[in-house]
Amino acid sequence: MTLRNALRSGLGPLIGSTTVDRVVDVETKVRSAVASWIEPKVRSSEEIVSEESEYVIAPSGYPMYPYDDSRFPAPTMTRHELLSGLHEVLQPRSYLEIGVDDGRSLTLSRAKTIGVDPAFHVTNALRADLLLARATSDDFFATDQAADHLDGTPLDLAFIDGMHLAEFAYRDFVNVERLCGPMSVIVLDDMMPRTVHEAARDRYTDSWAGDVFKVVELLREHRPDLVVVPINTFPTGVVLVFGLDPRSSVLADRYDEVLPRLVEPDPQMVPDHVIERSRAVDGRDLIAWDGWDSVRDLRSRPRAVAQRAKVLDSFANAFVI
């Protein structure tokens with residue numbers, strides 16, 4: 001029996017129903033006041049910005065939150081420099097990029113190239129056999145445009161820098177892997193936010209990585225066959241994935257199962273090893289690896305299974321921390 005029913009049944013015969021109703025009304029107001037006082041407060045982005053008004057407001061309109069760069073080793077490369085190095089050592093026959101923006105990264109490609117972005121504003125000269133799609137990645141991969149443009153060539157290198165929400169990055173990885181070969185490489189951007197602020201799903205900072213970092217742990221958990229290597233690049237780190245299997249349906253099949261972990265609300269729980277980049281390698285070491293010649297050679301040798309496994313083991317031994 002609830003407190004209100006107990007009041008009515010116990011006091012009604014003694015003091016009358018009208019007086020009981022007044023007592024119940026007071027009890028209700030007190031209960032609401034106490035609940036409001038103890039309920040955790042969820043601040044909106046606007047409230048956070050106004051409370052932190054001492055921070056400099058960037059041209060983007062968001063505050064520039066400071067971060068403690070003593071918590072992680074100083075990056076020796078930007079993400080663009082790493083991509084440039086990968087184009088050099090991989091000499092990809094094909095390249096795909098999600099998140100084109102002004103086309104700066106696309107300038108690196110001389111191969112059969114695909115760029116996907118619903119709001120690109122290309123200001124750089126591009127020199128590639130290019131398919132440029134003004135669409136969301138979900139809409140683009142719902143068509144056969146990518147396969148048609150690649151025309152039987154596996155996707156050798158891909159850079160995923162789309163929507164900064166974990167569920168989008170997860171789906172992008174699934175769709176991109178289907179186009180790859182066993183010696184292909186996928187790079188995911190914004191995998192190491194420097195603060196919890198940068199990792200928020202609801203953006204309120206100038207520098208915004210979002211919560212895509214969560215995809216990495218899911219790849220490790222559900223696809224142990226992949227080699228997943230964080231790389232300490234400026235500003236918010238990348239992850240390189242090697243040993244791809246375009247036939248695998250594991251991630252797609254488990255999407256509904258892992259979705260609650262992908263869309264957890266703010267504030268995000270960013271592991272210390274992510275912010276501290278304790279498992280990340282130096283991009284210069286990765287580019288200098290002596291196995292890239294073998295990777296290029298094995299792309300055209302589909303039956304060289306044992307050799308591919310040997311190269312994959314060598315890469316994992318060199319860079320998995």
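## Surroundings of Ser 94

Leaving aside neighbours within four places in sequence, Ser 94 is in contact (heavy atoms within 4.5 Å) with Ala 111, Lys 112, Leu 150, Thr 153, Pro 154, Leu 155, Asp 156 and Leu 157. A polar atom of the Ser 94 side chain lies 3.0 Å from the backbone nitrogen of one of these residues, Asp 156. Ser 94 counts as buried because its relative accessibility is 0%, the term meaning under 20% relative accessible area with a 1.4 Å probe and protein chains only.

## Basis of the model

This is a predicted model, in which local features need pLDDT of at least 70 and side-chain atom pairs count only at pLDDT 80 or more, whereas totals for chains, interfaces and linings use all residues. Residues are numbered from 1 along each chain as its sequence is written, and side-chain values use heavy atoms, with hydrogens and water left out.

## The chain as a whole

The protein chain holds 14 helices and 9 strands, taken as DSSP runs numbered from the N terminus (helices H or I, at least four residues; strands E, at least two); Ser 94 is found in strand 2. Of the 321 residues in the protein chain, 46% are buried. Among contacts in the protein chain with a separation of 6 or more, 66% come from residues 24 or more positions apart.

Terms used:
Buried means under 20% relative accessible area, exposed over 50%, partly exposed in between (1.4 Å probe, protein chains only). A polar contact is a pair of N or O atoms within 3.5 Å; within protein, one must be able to donate a hydrogen and the other to accept it, and residues adjacent in sequence count only if both atoms are side-chain atoms.
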